[in-house]
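Thanks for coming, everyone. Please bring up the sequence and the model, and keep both in view while I talk.

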Amino acid sequence: MMKECIAMLLAGGQGSRLYALTQRLAKPAVPFGGKYRIIDFPLSNCVNSGIDTVGILTQYQPLVLNEYIGNGQPWDLDRLYGGVHVLPPYQTATGSDWYKGTANAIYQNINFIDRYNPSYVVILSGDHIYKMDYGKMLDFHKENEADCTIAVMEVPWEEASRFGIMTADENNVITKFEEKPKEPKSNLASMGIYIFTWEKLRKFLIEDEANPASDNDFGKNIIPSMLASKEKMVAYHFEGYWKDVGTISSLWDANMDLLNPNVSLDVWSDDWKIYSRNSGMPGQWIGANAVIDNSMVTEGCRVEGKLVQSVLFAGVKVGEGAVVEDSIVMPGSVIEPGATVKYSIIAENVVVKSGAVVGERPEDMENVDDWGVAVVGEGVTIGANAKVGPKAMVVKDVKDGEEQW
């Protein structure tokens, strides 16, 4: 049976720029927004767009991600035919290899795609926060009789060198592509969201794999090769909220955007729900002396202290007299009575003991370049009365009274 369009979601990256947060789990499995993980966004976009067959390509630290995805039921992707499939590298009669690049990852799963005989394939990244109707993008692809459609958005000129940059004519036909150019000629950035006519992509993947000099990457190899071969490639303009959360600052910013009424990222709307696996915890409990201002508090939380401009995930405890400001506290973490957490990302199952101070910026720190977000890795204990500086990256326990900057 043929599927018109299936999605392939690249979720195997190490996420090295998130360091302490991705030592034990893949980047797409990093918690986000109180009750989600990053991968919930592309998965929810798929099901909301009518795409019911998704291959998730995993590689680095996949255990938590695999467990989280399960049979795909939270996203209505538990199907007898299609549904969600986790696709790690595997051994074949001709040998095996890790995924060498984004294009090689798709190449190694050509047989999976061929099982559904699709006309079109959507290639997605697992580390972006956004809402997008891939169905509209597919309609645009078909209307333009394109071989490849690339989602693009305008970015500030000073940031353009961080992206793959497109130049397109008045008919949205892509005429030039540069991967992270030092002197960009355009500010039209690739979002890493592609729709290909499968027959065409299949051919280029096979040719790319046969080239020993290739990096086996979409941005570095497949897109330039298709452009050089005069294949029809078009730019699909996207104007909604989109953020690549591959760095500590961008992850912190995106969480804070949820608390900003002037930002268009809306996880509360019923017309385009973001689905996630429910923790099954009881309702939140707010103490009589608690103070909560402009914050998200998820199920199972117990708040007895002060919470300002922050996001608490499931099962977080904030003790009496504790202060949490401008911070993200991930599932199961405990902020003990009298502790202070500011401008920080606290990973899962962390304990910040009484009197400890994490991330607070000294009053004399006037230089903005010295500001930053403190990060405490999964399972770490910050000892009583310890101090963790505003840019610290903590991956081991901090002893009572110790300082780490």
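First, the ground rules. This is a predicted model, in which local features need pLDDT of at least 70, side-chain atom pairs count only at pLDDT 80 or more, and totals for chains, interfaces and linings use all residues. Residues are numbered from 1 along each chain as its sequence is written, and side-chain values use heavy atoms, with hydrogens and water left out.

Now the whole protein. It has eight helices and 32 strands. Helices (H or I, at least four residues) and strands (E, at least two) are DSSP runs, numbered from the N terminus. The C-alpha trace spans about 65 × 50 × 45 Å along its principal axes. The radius of gyration is 22 Å, and a compact globule of 405 residues would have one near 22 Å, so the two agree. That radius is taken over C-alpha atoms, and the globule rule is 2.2 Å times the number of residues to the power 0.38.

How much of the protein is buried? Of the 405 residues, 56% are. Buried means under 20% relative accessible area, exposed over 50%, and partly exposed in between, with a 1.4 Å probe and protein chains only. The accessible surface comes to about 18000 Å², and carbon and sulfur atoms hold 46% of it. Those areas come from the Shrake-Rupley method with a 1.4 Å probe; for residues, only the protein chains shown count as cover.

Contacts next. A contact means heavy atoms within 4.5 Å. Take the contacts between residues at least 6 apart in sequence: 58% of them join residues at least 24 apart.

Charges, briefly. There are 36 positive and 55 negative side chains, and the centres of the two sets lie 3 Å apart. Lys and Arg count as positive, Asp and Glu as negative; His and the chain ends are not counted. Each charge is placed at NZ of Lys, CZ of Arg, CG of Asp or CD of Glu.

On to the sheets. Two strands pair if DSSP finds at least two bridges between them. Strands of a sheet pair through backbone hydrogen bonds, either parallel or antiparallel.

Start with strand S11, residues 188-197. It is mostly covered: 10 of its 10 residues are buried. Which way does S11 run against strand S6, residues 120-125? Antiparallel, over four bridges. Val 121 stands opposite Phe 196 there. Strand S8, residues 148-154, is also antiparallel to S11, with six bridges. Here Cys 148 stands opposite Phe 196, and Ile 150 has Tyr 194 as its bridge partner. Strand S9, residues 164-168, runs antiparallel to S11 through two bridges. Met 166 is partnered there by Leu 188.

Stay with S8. Six of its seven residues are buried, so S8 is largely enclosed by the rest of the structure. S8 also pairs with strand S12, residues 233-237, in the parallel sense over five bridges. Ala 151 stands opposite Tyr 236 in that pair.

Eight of its 10 residues are buried, so the rest of the structure largely encloses H8. Trp 252 and Met 256 are among the buried ones.

Inside it, S24 and S27 are joined by two bridges, with Thr 340 opposite Val 357.

The other has six strands: S16-S19-S22-S25-S28-S31. S16 (296-297) and S31 are its edges, each pairing on one side only. Two bridges join S22 to S25, and Ile 328 is partnered by Ile 345.

Finally, the loops. Where is Asp 397? In the loop between S31 and S32. At 51% relative accessibility, Asp 397 counts as exposed. Beyond its neighbours within four places in sequence, Asp 397 contacts Gly 379, Val 380 and Thr 381.

Tyr 60 sits in the loop between strand S4 (53-57) and helix H2 (63-69). Tyr 60 and Trp 98 are 38 residues apart in sequence, yet 9.9 Å apart in space, C-alpha to C-alpha. Not counting residues up to four places away in sequence, Tyr 60 touches several residues, including Gly 12, Gln 14 and Leu 25.
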